Amino acid sequence: MKKLLALLLALIMVLSMVACGAKKEPAADDQAADAPAADAPAADTPAVPNEEDVALEFEAVAEVDDKFGGQLILQTWMDPININFYADYGSVGCSNYWTCGPQLVVYKGGELYPLLLESWELDETGLVWTMKIRENAGWSDGTPITVDDIIFSMEYFRQDTFTDFIFQADTMYFSETPVYEKVDDHTYTVTTTVPYPTIFDFYAVNCFIIPKHVFENVPAEEFHTTTVNSTPGEIVCGGPFKITEYKIGEYIKCERNEYFWDEVYLDELYWRIAPDGNSMFTALQTGELDFTFLMGSKYQEAVDAGMQIARTNGANYSGISMNTQDPILSDVNIRKAFSHIYDQQLFIDQAFGGQGEINKGFVANMRFEDPDACVYYEHDVEKAKALIEESGWTLNADGIYEKDGQLLEVTYIYEAGYDDFNAMILQSMFEGTGVKFNIEGQEYSVWLDNVDAGNYQMSSNYSSLGPDPANYYDNYLNTSLFSFYRSETLDQAWIDGMTGATDEDRQAAYSAVQHELTDAAVWLVQPRNWGYYAANQTCGLDEAQFTSTGMFVYFHKLYKIAE
Amino acid sequence: MSLLEVNKLNIGFQGGDGLMNVVTDLSFDIEEGKAVALVGESGCGKSVTALSIMRLLICPPAHMEAESILFEGKDIQQIPERHMWKLRGNDISMIFQEPMTSLNPVTTIGKQLTETIRQHTGCSKKEALAKAEDMLREVGIPEPKQRLREYPHQMSGGMRQRVMIAMALSCDPKLLIADEPTTALDVTIQDQILELIADACRRRKMALLLITHNMGIVAEAADEVMVMYAGQIVEKASVQEIFDTPMHPYTNGMLRAIPGTAHTGEEFYVIRGRVPSPLFFSKACRFAPRCDHACERCHKEAPQLQDIGGGHYIRCWNPIKGGNANE
Amino acid sequence: MNSGLKFVIKRLLVMIPLLFAVTLASYLLMTITPGDPMAMYVGQDQLRQMTPTQKEQRREALGLNRPIIVRYFDWLDDILHGTFGTSFKTGQPIEKEIGQRIGITMSLNIITLFLTYLVGIPLGIYCAKHKNGIVDNAVMLYSYVGISLPAFWLSIMAITLFAVKLKWLPGLGLSDLTLKNPTFWQEVWDTIKHLIMPVGLTVITGLGSMARAERNLYLDVINQDYVRTARAKGLPERKVKWGHAYRNVMLPLASEIGGSLAGLIGGSYIIETIFAIPGLGAYSTNAILDRDYPVIMATLLMSSVLVMVGYLVSDILYCVVDPRIRVQ
């Protein structure tokens with residue numbers, strides 16, 4: 001009898017604890033790999049923030065007289081692959097590069113901000129850039145940064161052993177090898193036979209300047225594994241900070257580089273390595289982190305806690321490919337119909353918890369984005385049905401469209417274990433529309449193979465595209481990313497965009513590209529989600545300028561607000 | 001003055017259905033140097049009686065109380081638990097039925113012997129080892145020095161029992177309680193061990209309380225016999241008298257049940273019925289339900305233990321006269 | 001002890017074919033999984049960038065067109081030459097990465113184990129002595145609860161309570177970054193503060209079962225005949241307990257330690273991730289999620305070795321403590 005009571009009591013206790021636990025958000029499955037490629041947050045819907053609530057920028061929190069001194073702790077997802085961050089090509093390495101490496105220029109929105117590169121000029125032919133770098137810039141060991149370093153880096157990374165695309169970036173963007181020539185210690189020219197407009201995208205995103213005096217004797221094959229520049233405290237850094245300490249799995253400590261070309265406010269900057277979203281948020285609340293990526297589900301809590309919040313546009317959701325080589329989908333009416341069936345707002349509500357906005361353009365965050373040139377398909381099932389029927393499909397007894405004995409049936413493939421939720425949302429959108437919509441999750445490598453080979457009808461796209469459409473060109477030519485759609489006008493427009501001498505020329509070309517791609521309904525355009533970053537009240541972020549890729553334009557202008 | 005005097009010992013067990021009284025108002029005494037056998041069937045309470053003397057019963061679930069338990073005139077019930085160790089193994093020793101489980105399997109024989117010796121005499125390890133060796137020799141174990149380093153599992157059952165005996169005797173106790181010491185052994189060894197015990201007692205002028213269900217070994221080893229049934233002593237007499245003139249029907253039955261007295265072709269004699277559960281002890285004579293010799297009074301009134309002369313006590317309204325075991 | 005030595009050597013020798021079998025089986029299983037076998041040799045990022053012709057060339061170069069067994073022996077060859085290979089994700093030698101993490105994982109697990117025993121054993125004995133008392137029933141109940149509560153939920157609740165609301169303890173990591181030039185002792189105390197929650201939570205969840213096991217063991221032993229004999233021959237209760245009872249109680253526990261060696265590798269994934277502790281648990285599990293095959297094989301090998309060594313240690317301990325087993 002007593003035993004029975006005890007057992008009952010135990011059961012009640014456990015059940016009540018489980019019930020309590022169910023109210024909290026699930027934890028470990030919110031781990032995203034990289035901040036920019038963050039997956040959808042948990043499905044519980046916090047209040048959709050107003051435009052006024054959410055600032056696109058961090059605003060000044062307090063007026064501070066003396067901004068010098070102090071330390072801030074930022075967050076990063078994982079250990080750097082190589083503490084010699086020049087050799088690192090992961091996103092974490094890049095954040096080290098931005099804090100500690102010499103950055104020539106950087107983009108914020110569509111604007112180019114000069115950093116190490118002070119000014120640039122194009123000559124009348126449009127083929128020669130004269131670049132001027134700052135004269136007071138120095139490496140952290142006191143050696144001045146000169147044009148020698150830049151030219152050395154360009155030539156170094158052109159060597160054959162560097163097959164990783166990141167290091168081949170300048171040839172990746174551009175088919176010929178630009179010629180770099182030194183004019184004096186702080187001036188150089190870049191000469192090409194055709195206009196080279198993408199040079200600044202290269203400089204802003206993928207360009208690594210390495211110190212010549214450190215690496216000149218390191219053979220290319222050993223670059224990734226050399227220990228030459230790997231001792232914290234002795235690593236030669238060209239950015240506002242230098243790395244002085246590194247504890248595996250815990251943190252990277254950076255200190256002010258006195259030789260930086262501008263004033264650096266902070267004494268110390270820490271990158272704390274924290275892989276779990278929930279942990280990061282609580283660390284923010286306890287003060288163990290000053291600034292971090294914020295999960296959408298924590299948005300309201302952060303607002304209530306009075307934190308500084310910035311919203312950026314999240315990952316480029318490049319859309320869902322509809323394979324134009326497939327018999328059913330080769331019909332543009334069907335593709336347009338599907339675009340009308342796809343409901344962006346529903347997707348925002350269910351997949352992003354309301355934290356997102358409808359994408360009227362082609363791809364979010366793209367430079368030369370021209371939503372007006374794009375054809376926008378509003379959610380309208382009636383219109384969709386009209387289009388389908390226009391192509392000769394009729395509803396059969398089961399309520400599915402049929403033509404010549406074939407059902408209007410498509411299968412959507414996706415990476416099992418990652419995109420399941422999104423796939424289900426998609427499937428629910430097609431219910432009752434007369435389209436038989438199947439979803440099929442596949443193991444990652446299998447799915448990848450199928451997508452590359454074109455063995456699919458519809459699939460989520462896997463590439464995340466950079467800000468400049470120029471780097472889409474290869475994809476357009478080679479992979480299934482653009483649904484195997486080709487046309488002569490489109491081919492030419494892409495090339496015009498890449499080679500256009502001025503931004504206006506490029507804009508015109510890319511507008512045409514966007515127009516044709518959307519008109520041909522190559523993709524189901526997906527909405528853009530919002531990514532949040534939060535900082536507690538001790539962070540002075542206003543001058544630092546926050547970019548949409550989740551980084552700061554001016555790391556050296558971060559400052560600490562004393563409590 | 002008797003060496004050990006037990007007066008009105010009561011032992012009960014806390015069960016799910018209440019307190020079961022297993023031993024009721026038991027009284028007996030043992031004189032110096034005398035060997036007393038306590039005989040009875042399994043379940044009659046003899047083992048718990050033996051354990052209770054040295055307070056080795058685990059209470060709860062057991063519950064014991066006695067008017068007095070006098071050892072050398074002093075009531076040992078008054079001794080607080082933390083001082084009991086001085087008595088145990090020193091003045092009174094006990095050996096048990098299962099020598100294999102009664103010895104610690106992971107400690108050497110030597111260690112088990114010397115720790116008793118050192119505890120009670122405070123001598124050095126070397127001295128204790130020497131004494132242990134002597135004891136082993138005394139109990140007839142060959143190569144005693146070697147044995148000290150061995151473990152219980154390396155010895156046979158008989159040898160282990162010898163070791164137990166050695167342990168019990170090592171501090172020269174005045175009373176040895178042996179709870180079914182031969183029951184778990186081979187028949188061939190039983191005699192040896194019994195003889196060993198009996199000899200040791202005689203030599204050392206040590207009193208012996210021998211618990212057993214086997215009337216056969218009683219004859220060999222005991223001076224006096226107490227027959228126990230259902231928590232009470234039903235007959236007490238010298239060993240001669242018990243065998244020649246058993247008066248209690250139960251004793252009689254037990255003697256008759258010894259296989260040796262049967263003739264070929266006859267069925268074994270068995271006392272009919274079974275020992276009742278302590279919850280259902282009769283308020284009158286507890287043996288009456290099974291007794292062929294019972295009269296009316298037996299079923300109504302509880303008989304007391306009465307002295308019928310010559311040191312012969314009996315608890316019966318209708319004892320068997322004449323003492324022919326085969327009646 | 002010559003026979004003892006022989007025993008150990010024999011067991012070590014048996015380990016070799018066993019390890020061989022385990023690694024071969026794992027390798028085969030991985031090759032059977034669907035998807036391009038190249039994924040086992042080339043990281044995901046690189047794979048995406050390659051054109052079909054490049055892939056074919058790489059396939060040739062890697063010898064993927066050879067039979068599976070031959071490829072397995074290649075890997076084995078590397079292992080025998082003392083290298084685990086390099087990780088796909090980071091390109092770093094795996095030995096180095098494991099070396100960087102093993103220290104913290106082992107310390108964490110050893111401390112946890114130690115504390116669990118330290119608190120669990122006396123608690124269990126207390127429960128046994130006061131059988132069916134309040135504490136006993138509470139601990140019995142608690143042992144079920146402890147196992148049932150999910151670790152991540154507990155962690156988050158603990159962090160929310162102790163780090164955010166009460167601000168008694170730090171919420172993640174192993175060091176306080178705001179400390180300026182801490183002395184050695186300050187650093188030690190700082191690390192301890194950071195470990196209180198992760199270690200504490202693991203200990204708390206495991207404590208219940210440890211106490212329960214101990215209690216039952218104790219009850220078993222204390223009613224043994226030899227304990228009664230020890231008492232009967234006049235040993236004071238303290239010596240009865242320490243000399244006889246406890247030793248036999250410790251027996252099974254001492255050998256359990258060997259078995260928990262293997263848990264050192266993968267055991268603490270959730271705690272390590274939530275508390276941002278750079279350990280082997282997170283490392284090995286993340287490798288599986290990232291499909292970082294060289295790391296998977298390396299950690300698999302390590303676990304297998306640890307499991308076998310662990311059992312060997314258990315058996316040796318058993319022999320040392322229980323002389324009955326030595327005969328075999």
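A residue is called buried under 20% relative accessible area, exposed over 50%, and partly exposed in between. By that rule, Glu138(B) is partly exposed, because its relative accessibility is 27%. The model is a predicted one.

Glu138(B) sits in helix 4 of chain B, while Arg203(B) sits in helix 7, residues 187–204, so the bridge ties together parts that are 65 residues apart in sequence. Arg203(B) has a relative accessible area of 49% and is therefore partly exposed.

Next, take Glu133(B). This residue forms a salt bridge with Lys145(B), with 3.6 Å between the closest N and O atoms. Glu133(B) belongs to helix 4 of chain B (residues 125–138) and Lys145(B) to helix 5 of that chain (residues 144–148), so this pair links parts 12 residues apart in sequence. How do the two ends compare in exposure? Glu133(B) is buried, because its relative accessibility is 15%. Lys145(B) is exposed, because its relative accessible area is 58%.

Now move to chain C. Here the side chains of Glu237(C) and Arg231(C) meet in a salt bridge, 3.1 Å from N to O. Glu237(C) reaches 32% relative accessible area, so it counts as partly exposed. Arg231(C) has 14%, so it counts as buried. Back in chain B, salt bridges with shared partners join Glu133(B), Asp134(B), Arg137(B) and Lys145(B) into one network. Over all chains, a search of the whole structure finds 34 salt bridges.

A positive patch is formed by Lys111(B), Arg118(B) and Lys125(B), together with Arg238(C), Lys239(C) and Arg247(C). Which element gives the largest share of the positive patch? Helix 10 of chain C does, with 3 residues. Lys239(C) lies in that helix. Lys239(C) is partly exposed, because its relative accessibility is 35%.

Ile16(C) is found in helix 1 of chain C, residues 2–32. With 54% relative accessibility, Ile16(C) counts as exposed, because the cut-off for that class is over 50%.

Finally, look at chain C as a whole. The chain has 15 helices and 0 strands. Of its 328 residues, 45% are buried. Its accessible surface comes to about 16,300 Å², and carbon and sulfur atoms hold 68% of that area. What part of the chain C contacts with a separation of 6 or more joins residues 24 or more positions apart? The share is 69%.

Key:
Residues numbered from 1 in each chain as written. Chains lettered and ligands numbered in written order. Predicted model: local features only at pLDDT ≥ 70, side-chain atom pairs only at ≥ 80, totals over all residues. Heavy atoms only, no water. Patch = residues over 30% accessible without salt bridge, like charges linked within 9 Å, V, L, I, M, F, W, Y side chains within 5 Å. Areas by Shrake-Rupley, 256 points an atom, 1.4 Å probe, with all protein chains shown as cover. Salt bridge = Lys/Arg side-chain N within 4 Å of Asp/Glu carboxyl O. Lys, Arg positive; Asp, Glu negative; His and termini not counted. Charge placed at Lys NZ, Arg CZ, Asp CG, Glu CD. Helix = DSSP H or I, 4+ residues; strand = E, 2+ residues; numbered from the N terminus. Buried < 20%, exposed > 50% of the residue type's maximum accessible area, 1.4 Å probe, protein only. Contact = heavy atoms within 4.5 Å.
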